[in-house]
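Hi everyone, thanks for making time. I'd like to walk you through one model today, going from the overall fold down to a few side chains. Let me put it up on the screen.

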Amino acid sequence: MLKWWKKKNFFIQVAIGAVIGIIIGLVFGQQTGYLKPIGHIFIRFLQTLIVPLTFFVLIDGITNLPGMKSLKSIEVLQGVQILS
């Protein structure tokens, strides 16, 4: 089972974990109170991960643009979006 889990990408692992957590919470309710610290750690991990992941995705997207003309057109569209 561990080999199957390692082959899945991170998004699938997080989604499966969230679904399992929701099902356990709905089925067992208050009996799962001892798992609450694990849930808090998981949520903090996701919050910590979002900012650097967004930053690096933006940097990767900018560095993979075909030329400066593409970057200028994106800047113009972004400026129009901010002003509207």
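So, how many helices and how many strands are there in the protein? There are 4 helices and 0 strands, and from the N terminus on the order reads α-α-α-α. Helices here are DSSP runs of H or I with at least four residues, strands are runs of E with at least two, and both are numbered from the N terminus.

Some housekeeping. This is a predicted model, where local features need pLDDT of at least 70 and side-chain atom pairs count only at pLDDT 80 or more, while totals for chains, interfaces and linings use all residues. Residues are numbered from 1 along each chain as its sequence is written, and side-chain values use heavy atoms, with hydrogens and water left out.

Now the overall shape. The radius of gyration of the protein is 20 Å, whereas a compact globule of 84 residues would come out near 12 Å; that is taken over C-alpha atoms, and the globule rule is 2.2 Å times the number of residues to the power 0.38. Along the principal axes, the C-alpha atoms fill a box of roughly 55 × 35 × 20 Å. Of the 84 residues, 5% count as buried, where buried means under 20% relative accessible area, exposed over 50%, and partly exposed in between, with a 1.4 Å probe and protein chains only.

Let's zoom in on helix H2, residues 10–28. Its 19 residues reach 27 Å from first C-alpha to last, close to the 27 Å expected at 1.5 Å a residue; the expected span is 1.5 Å times one less than the number of residues. Val 27 is in H2, and Val 27 counts as exposed because its relative accessibility is 57%.

Just after H2, Gly 29 takes a positive phi of about 60 degrees. The backbone oxygen of Gly 29 also lies 2.8 Å from a polar side-chain atom of Thr 32. Thr 32 belongs to the loop between H2 and helix H3 (36–63). Is Thr 32 buried or exposed? Thr 32 is buried, at a relative accessible area of 17%.

For contrast, here is another threonine. Thr 63 lies in helix H3 and counts as exposed, at 55% relative accessibility. The side chain of Thr 63 reaches the backbone oxygen of Asp 60 at 3.0 Å. Thr 63 and Gln 47 are 16 residues apart in sequence and 25 Å apart in space, C-alpha to C-alpha.

How values were computed:
A polar contact is a pair of N or O atoms within 3.5 Å; within protein, one must be able to donate a hydrogen and the other to accept it, and residues adjacent in sequence count only if both atoms are side-chain atoms.
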